[in-house]
Amino acid sequence: MINITHRPRRNRATQAIRDLVQEHFVMLNDLMYPLFLVDGEGKKEAIASMPGQYRWSVDTLLVEIESCVTLGIKAFVLFPNIAETLKDAHATESWNASGLYLRAIRAVKQRFPHIILMTDVAMDPYSSDGHDGVVFNNEIINDLTLPILARMAVAQAEAGADIIGPSDMMDGRVGYLREALDEASYSNVRIMSYTAKYASAFYGPFRDALDSAPKFGDKKTYQMNPANSREALIEAELDVMEGADYLMVKPALPYLDIIQALRNNNNLPIAAYNVSGEYAMIKAAAEKGWLDGTKSMIESLTSIKRAGADIILTYFAKEYAQYLHDNKL
Ligand code: PBG
């Protein structure tokens, strides 16, 4: 036998010893489940590029949330698919109290008062331009967008949102929204800022789900350049100063270094959005038999937690909950 002082393999020898020394484990408490909404009744529309994900009408959404709650999921995020005819340049449908989104928020919180419901604050689902800001002469105008976001956020808080998620990357929106919420006496409503949201190709399937792709150009004048990391620290510093309760990195897997950087430079809870394209890649490869879908899911989620995320928004939430349940974990 060769004399080797340290044999790290000793701690990998059996499942029991591996479990004993495991550093990170994704718990259900860490997950938020994004769900898509569509108008109508009795609907469960499959989203082609996101196998296993659907657009729900309000009635079927309640049934779906019920089954998730039974599995132990406690936090949800809602995104609406808005009919093209209701979209306009100023996203006015976003504060229509009898519109799909605000109705859904009220229904969910009435039926499940104890869950955490995060709502999306951005113009794109309601914008006839498919952009996250007001368009003028083919430019996205930051300061004209803020009052629209504020109106949307206050309407969502009024409908029962627990966390407001500004996902648009306009400058100054966290402070502006904080002030608007406080003035409307919603100082208990939290803000999860999409702090470092990159101009990513991995949002494709989400835009299919919402029919929200930009009608011209791209989102590079507001979403971040994937080549930059220091810029994420600038965004984080601003969000902390402006009063964010959580900082989010999006997407997750191609940006694990950014998650780690934000974790190391801040003390607020860090969230990561494991986005539609990250989900679609695994689903597509698993359908072809090229990857083991369950193992790839676990490895992906664990790596996001290992990088430093406290909270993971993921389309895998229900499947992961089912996995934990089936394996008595
Ligand atoms: C837009 C928004 C996007 C996502 C969440 N909010 C896409 C975009 O910026 O075009 C993407 C989420 C995903 O891909 O899962 N405000």
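This is a predicted model: local features need pLDDT of at least 70, side-chain atom pairs count only at pLDDT 80 or more; totals for chains, interfaces and linings use all residues.
Residues are numbered from 1 along each chain as its sequence is written, and local features were considered at a pLDDT of at least 70, side-chain atom pairs at a pLDDT of 80 or more, while totals for chains, interfaces and linings use all residues. Side-chain values rest on heavy atoms, with hydrogens and water left out.

Strand β1 (31–38) was examined with helices (H or I, at least four residues) and strands (E, at least two) taken as DSSP runs numbered from the N terminus. Eight of the eight residues of β1 are buried, so the strand is largely enclosed by the rest of the structure; here buried means under 20% relative accessible area, exposed over 50%, and partly exposed in between (1.4 Å probe, protein chains only). Both faces of the strand are covered, with L31, Y33, L35 and L37 on one side and M32, P34, F36 and V38 on the other.

Pairing, which requires that DSSP finds at least two bridges between two strands, links β1 in the parallel sense to β4 (residues 75–81) over six bridges, and V38 stands opposite N81 in β4. Parallel pairing also joins β1 to β12 (residues 311–314) over two bridges, where M32 has L313 as its bridge partner. Two bridges connect β1 with β3 (residues 54–56), again in parallel, and L37 is partnered there by W56.

A nonpolar surface patch of about 290 Å² is made by F25, M27 and L329. Patches consist of residues with over 30% relative accessible area and no salt bridge, like charges being joined within 9 Å and nonpolar side chains (Val, Leu, Ile, Met, Phe, Trp, Tyr) within 5 Å; a salt bridge is a side-chain nitrogen of Lys or Arg within 4 Å of a carboxyl oxygen of Asp or Glu. Accessible areas come from the Shrake-Rupley method with a 1.4 Å probe, and for residues only the protein chains shown count as cover. M27 lies in the loop between α1 and β1 and is partly exposed, because its relative accessibility is 40%.

Turning to the backbone, a cis peptide bond with an omega of about -10° joins K250 and P251, and P251 is placed in the loop between β10 (246–250) and α8 (256–265). N138, although not a glycine, has a positive phi of about 65°; this residue lies in the loop between β6 (134–136) and β7 (139–141).
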